[in-house]
Amino acid sequence: MARMRLDHVSYAVGPEGMEATSERLAELLGEKPVEGGIHPRFGTTNMVLPLAHGQYVEIVQVLDHPASDKAPFGQAVRERSAAGGGWLGWVVAVDDITALEERLERSAVAGNRHRPDGSELRWRQVGVVGLRADPQLPFFIQWESGPDLHPSADATGAVGLTGLEIAGDRARVADWLGVDLGRATWGLDLSWVPAEAAGGIRSVTFSTPDGPVRI
């Protein structure tokens with residue numbers, strides 16, 4: 001079985017735009033946003049809030065780009081932004097995405113973006129179609145770039161991700177992940193509330209020098 005850990009959570013930009021959304025979340029957490037870059041295969045762009053423990057918050061915006069009409073990730077961002085923006089999903093890193101391709105009977109797709117310094121991040125991901133159909137489900141990523149390029153590399157270590165509240169069915173998510181989900185899976189407090197019209201992340205809790213912050 002592939003080893004898993006929570007890699008990041010994604011927040012789709014709403015009507016306020018990328019700059020205002022990034023500044024708002026950064027002020028709440030006391031972390032400085034880092035410019036990410038364009039995902040040419042997905043038709044999206046992002047900013048990053050690096051966190052402790054190799055995790056981060058991705059603030060993502062869809063672009064007026066042909067790829068965003070075809071790529072499931074671009075479509076998912078567009079739909080969430082059109083609904084007002086907010087938490088889009090959670091992303092689980094694995095060390096062997098091939099095993100997940102076989103279990104889920106889906107093929108991973110390549111992703112990349114160039115950082116402002118010119119370095120390129122590369123990865124493979126699978127499960128975004130599942131996220132669109134059932135927003136409580138995470139998708140999976142396997143990084144092909146080294147840890148020095150991971151979006152969490154600029155973290156100060158002062159802010160960490162400690163909990164997720166998800167609207168949905170714990171058993172359904174556990175089956176999707178192929179693991180037994182306890183409240184403290186991967187050191188996180190995972191809590192569940194009944195799904196309404198659409199499931200997905202309802203809130204994320206962070207530890208900060210000023211105490212817990214729930215967004």
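Me: Which helices and strands each supply at least two residues of the lining of the largest pocket?
Reply: Keep in mind that this is a predicted model. The pocket has 14 lining residues, with Arg80, Trp87, Leu88, Pro135 and Gly199 nearest its centre. As for the elements that each give at least two lining residues, they are α3 (72–82), β5 (86–94), α5 (128–133) and β11 (200–208).

Me: How many residues in that lining of the largest pocket are nonpolar, and how much space lies inside?
Reply: Sort the lining by class and you get four charged, two polar and eight nonpolar residues. The nonpolar count is eight, and the volume is about 280 Å³.

Me: What about the second largest pocket: which residues are closest to its centre?
Reply: This one holds about 170 Å³ of space. Its lining takes at least two residues from each of α3, β7 (120–126) and α5, and by class it has nine nonpolar, three polar and one charged. Of its 13 lining residues, the closest to the centre are Ser107, Val109, Gly127, Val128 and Val129.

Me: β11 turned up in the largest pocket. In what order do the strands of its four-stranded open sheet sit?
Reply: Start from the edges: β10 (189–193) and β12 (211–214) each pair on one side only. The pairing is mixed, and the order is β10-β9-β11-β12.

Me: In β10, which residue is the bridge partner of Leu164?
Reply: Strands of a sheet pair through backbone hydrogen bonds, either parallel or antiparallel. Here β9 (residues 160–167) and β10 run parallel, joined by five bridges. Leu164's partner in β10 is Leu190.

Key
Residues are numbered from 1 along each chain as its sequence is written. This is a predicted model: local features need pLDDT of at least 70, side-chain atom pairs count only at pLDDT 80 or more; totals for chains, interfaces and linings use all residues. Side-chain values use heavy atoms; hydrogens and water are left out. Two strands pair if DSSP finds at least two bridges between them. On a 1 Å grid over the protein atoms alone, a cavity is a set of points where a 1.4 Å probe fits but cannot get out, and a pocket is an open set with protein on both sides within 12 Å along at least five of seven lines; lining residues have an atom within 4 Å of a point. Grid points are joined across faces, edges and corners, and a volume is the space filled by probe spheres set on the points. Ala, Val, Leu, Ile, Met, Phe, Trp, Tyr, Cys and Pro count as nonpolar, Asp, Glu, Lys and Arg as charged, and the others, Gly among them, as polar.
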